[in-house]
Every structure is written in structure tokens, then in C-alpha cells.
Amino acid sequence: MSTLSYTGPDVCALEAHEVVHLLRKGEVNPAELLEAARQRVEATEPAINAMPTTCWDRAAKATFDAEADHPAYLAGLPLAIKDLTTVKGVRTTFGTKGLENFIPKASDPLVERLEARGGIVVGKTNTPELGAGGNTFNDVFGATFNPWDTRKNAAGSSGGAAAGLATGQVWLSHGSDHGGSLRTPAAYNGIVGLRPSPGRAGGSGPDAAFMIEGAQGPMARSVTDCALFLDAMAGFEPRFPTSYPAPERPYFEIVKQVPQKPRIAFAPDLNGFCPVDADMANHLATAMKTLAGQGAVVQEVKPDTTGLYETYHTLRGMMWAVGVAALPPGVRPHFKKTLEENTQFGLDMEADRIFRAQTMRSRLYREMLALFDHFDALALPVVGCMAKDQSVEWVDEIGGEKLPHYMDWLRFSFLATVTGLPALSVPAGFHEGMPVGLQLIGKPRDEAGLLQIARFVELAMGGPNKPIDPVIVA
């Protein structure tokens with residue numbers, strides 16, 4: 001646990017479930033929380049630029065009792081929404097100049113659900129252009145900075161969400177993930193980010209409703225809060241055709257049952273698929289020894305990742321080809337170089353590559369099912385290196401290996417995306433003052449078991465982390 005200073009309102013340092021409990025008892029009210037959140041945002045934004053768009057007036061007028069009997073009723077808790085997801089009447093730029101003045105007339109169905117269940121949206125968190133890349137910056141709002149060291153990358157694409165949580169701007173923050181966009185920011189900012197199973201917590205946009213590789217999900221400072229937020233997101237929604245009903249027993253209750261001897265497979269470099277720097281490898285090897293010392297059964301494994309690289313990039317190309325077709329014509333000319341390259345790659349793909357990807361992802365899924373015959377979760381790095389300077393757009397060398405493509409440094413994220421398995425990043429200590437995350441991949445649709453093991457890790461590693469004041473380093 002960090003010993004860095006925190007000078008914000010006391011209520012902002014509490015966990016979300018603690019504040020919801022106070023709200024339900026009437027010991028604090030939404031107006032007081034909005035004022036506390038506003039104070040914290042105003043105090044920290046100059047250093048980190050995590051939530052460039054706020055909507056305090058809209059938040060003050062919010063009504064939030066439509067589903068007051070829901071087990072995850074948030075009772076007026078302020079939260080933030082990533083700037084890739086629409087909120088009615090609130091500027092939503094997607095991080096691109098072509099949409100910098102867009103004011104949506106309707107909210108995303110997931111936002112409607114969160115507001116009906118007692119969440120109050122106070123702002124939009126920063127993201128790279130259209131969510132592309134592991135470094136949060138764009139031509140509309142500029143860069144987001146890591147609060148643990150403001151020289152460093154807060155990661156992406158949910159970098160604003162993660163940095164805001166780390167400083168106590170809000171108690172819960174929405175994110176999304178295709179190539180680690182929930183997991184990498186969570187790791188670099190010392191918080192928890194969960195990429196759920198496809199359909200568990202919302203879905204893709206209306207023009208990509210049947211695509212399952214992009215997932216929306218919860219981000220929080222603790223595993224318990226992440227479980228609560230997932231409860232608030234979960235459930236069938238006909239506008240998301242891949243969605244399905246929430247479990248009968250809330251995750252918030254299930255996560256309290258911490259396993260004593262979880263069986264954890266550990267793939268430190270994913271059988272050679274991902275390069276890893278020595279400091280990251282050594283830190284996580286020590287973390288796994290700590291987990292074993294707390295009762296976990298840890299065994300190193302080497303899953304077969306044949307075809308994973310090609311399959312992931314094929315699926316990613318399909319996403320960009322579909323997404324660009326739905327954009328207004330004036331948006332694409334503003335694309336940064338890497339985003340334009342991704343888009344053109346997707347548009348140029350031949351059919352046999354797409355057919356091959358479906359076959360290979362099915363084989364990879366079967367490989368994971370076989371692993372789960374013996375283990376409860378697969379542990380692996382979130383990313384192979386510690387956070388670099390924010391000015392480094394993407395990491396081009398890890399473990400002595402040169403990386404030619406801007407997504408290569410995020411290869412550890414590919415497996416869960418391709419196989420449709422739930423995955424999360426949970427804090428696993430610090431290296432030279434910077435947080436390090438451990439990625440856990442769970443069984444099919446088993447967010448419950450995954451959260452329980454994440455809670456085991458959190459406790460074993462001395463978490464959860466408390467919010468901090470930004471460490472401003474020139």
C-alpha cells in the first residue's frame with residue numbers, strides 16, 4: 001500500500017461501497033458528494049487532465065430512483081463515463097477533432113442503466129483518439145498524466161478513468177477494452193479494471209452490435225467496488241443483442257467469499273508470445289511467491305498461443321473497418337497516423353484471413369478450456385514493461401526485442417479479447433514507487449470466480465490502494 005499524501009475531502013478517500021452505505025442510511029447526501037467530487041476534480045485536474053469535460057449542473061439536477069430496489073442501487077453516487085460513450089446533452093468527442101463539438105441527443109443504454117440505478121454522471125474521462133492506443137492523448141484535450149509520477153504514461157485507452165480514480169476524483173469510473181484499454185491503465189495507476197465477458201456489461205455501438213471483441217466494464221480502487229459496479233452494469237438489454245441476464249446472486253456478495261487455496265496458473269511471458277523487461281519479470285515472480293505463501297497453488301504454464309497474433313489483429317481490423325463506415329465523412333481526415341494505418345489495414349483485409357481467424361480463435365478457446373480443467377485462473381503480466389514517459393507514444397522495445405507495430409507492447413491483452421474470457425488487472429505492489437498490475441483471466445462467464453481470486457490477490461498484496469495527491473515531477 002502506498003504512503004503518498006492525500007489532501008482531498010475525507011469522503012473521497014472512502015471506497016464506493018462504503019459511500020453507498022452512507023447514502024442509503026441518509027448519513028450523507030448526493031449534493032455533499034457532488035461538492036466533494038468537484039473540489040477534488042478542480043484540485044487535481046491541472047496536474048493529470050483526467051476528466052476534461054464535466055457536467056456539474058446536469059449532475060445536480062439528476063434523478064436516480066428508477067431502480068431503487070436493485071441490489072446494486074448506487075443511491076446518488078457520482079461517477080464518470082469514458083469519452084467514447086455518449087451521455088445525453090454532454091459533449092462527447094471520442095478524442096477526435098472531427099467530433100470535438102458533438103453533443104449527443106441520447107445516452108448509451110449502459111449510461112441509462114447506471115443512472116436509473118442511482119449513479120450520477122459528473123463528467124467524461126479522457127481517451128486517445130477513438131480509443132486507439134495505450135497512451136491517452138488527443139488533439140482535442142491533450143494528454144493525461146500518471147498521478148504517481150506526472151512524467152509517466154497513464155496508459156490507454158481508459159487512462160483518464162484510471163488516473164481520476166487514483167486521485168479520488170470519483171469513486172467509480174466506466175471504461176472499455178479491446179487491446180487492454182481497461183487493464184493497462186488499471187495496472188499503471190494502481191487501481192482495478194475488469195474486462196467482462198462479451199455481453200455482461202453493455203455492448204458495442206449500434207452499428208457494431210454483434211461484435212464481441214470490444215467490452216465495456218467497471219473500474220474502481222478496490223475489487224469489492226469493482227464487483228459493486230459490475231452489478232450496476234449487468235443485465236439483459238435488448239439494444240445489446242449479445243447481453244444476457246445478471247446472475248441471481250450479486251457479485252458484491254459473492255466477492256466476500258475469498259478462496260483460501262486458489263489454483264493459479266502463471267504464464268510469465270505467455271509461452272514466449274510476449275517480451276518482458278527484467279524488472280517486470282522479477283517483480284511479478286516475487287508477487288507469485290507472495291501469493292503462494294498466502295495459500296495459493298501456483299504453477300507455471302506454457303499455453304499454446306499459435307495464431308494468436310494474427311487472429312487478434314484480424315479482429316481488430318474488422319472493428320476499425322466497421323467503425324469507420326459508421327462515422328460522419330469529416331472525421332477520418334483527422335486520424336492520427338497509427339489509427340489511419342489500423343483503419344486501412346481493416347479495409348484491405350481479404351476474406352480468407354477473416355475465415356482463418358474464426359478457426360484459430362476457436363482453437364485458442366479450447367486451449368483455455370483445457371487449462372481451466374486444472375486451474376481457477378490464469379495469471380500473467382498486464383504489460384511487459386513499467387510505465388514509460390508520457391511523451392513516448394508507444395513502446396518499441398521490451399526485453400531487448402524490437403517491436404515493429406504500435407500494439408505489440410500490449411500483446412498480453414490479446415488472449416482474453418480473442419477468446420472472449422473475462423480478465424482484469426489487480427494491483428500487485430510497487431516498483432520504484434510506481435504501481436504494478438497483475439492480469440488474471442477467468443473461466444467463461446465466471447466473473448464471480450475471477451473477482452474472488454482478485455480479492456485474494458488484493459489482500460495478499462496489501463491492497464486496496466488509497467487515493468493520492470498527484471506527484472508532480474517536472
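**Notebook: strands, rings and cysteines**

T53 stands opposite K124 in strand β3. I note at the start that this is a predicted model.

**Entry: around β3**

Strand β3 covers residues 119-125. I looked up which strands pair with β3. Strand β1, residues 53-54, is joined to β3 by two bridges, and the two run antiparallel. Strand β2, residues 77-82, pairs with β3 in the parallel sense, over six bridges. In that pairing I found P78 opposite I120.

Next I checked what goes with β2 and β3. Helix α4, residues 109-116, makes a right-handed β-α-β unit together with β2 and β3.

Is β3 enclosed or open? Seven of its seven residues are buried, so I wrote the strand down as largely enclosed by the rest of the structure.

**Entry: aromatic rings**

I then searched the whole structure for aromatic pairs and got five. One of them is formed by W148 and F430. The ring centres are 5.2 Å apart and the planes make an angle of 55°, which I logged as tilted. W148 lies in the loop between β5 (142-143) and α5 (159-167), while F430 is in strand β14 (residues 423-431), so this pair ties together parts that are 282 residues apart in sequence.

I looked up the accessibility of both partners. W148 has a relative accessible area of 4% and is buried. F430 stands at 26% relative accessibility and counts as partly exposed.

I also found an aromatic cluster made of F273, Y309, Y312 and F414.

One further ring went into the notes, that of Y244. The charged end of R445 sits over this ring, 3.8 Å from its centre.

**Entry: cysteines**

How many disulfides are there? My count came to zero. For C55, the nearest cysteine sulfur is that of C12, 16 Å away, and C55 is in no disulfide. C55 is buried, at 9% relative accessible area.

I repeated the check for C385. Its closest cysteine sulfur belongs to C274 and is 11 Å away, which is too far for a bond, since a disulfide needs the two sulfur atoms within 2.5 Å. C385 is buried as well, with a relative accessible area of 0%.

Key. Residues are numbered from 1 along each chain as its sequence is written. This is a predicted model: local features need pLDDT of at least 70, side-chain atom pairs count only at pLDDT 80 or more; totals for chains, interfaces and linings use all residues. Side-chain values use heavy atoms; hydrogens and water are left out. Rings of Phe, Tyr and Trp (its six-membered ring) pair if their centres lie within 6.5 Å; planes under 30 degrees apart count as stacked, over 60 as edge-to-face and the rest as tilted. Helices (H or I, at least four residues) and strands (E, at least two) are DSSP runs, numbered from the N terminus. Buried means under 20% relative accessible area, exposed over 50%, partly exposed in between (1.4 Å probe, protein chains only). A charge sits over a ring if NZ of Lys or CZ of Arg is within 6 Å of the ring centre and within 35 degrees of the ring normal. Two strands pair if DSSP finds at least two bridges between them. A crossover is right-handed if, with the strands pointing away from the viewer, the path from the first strand over the helix to the second runs clockwise.
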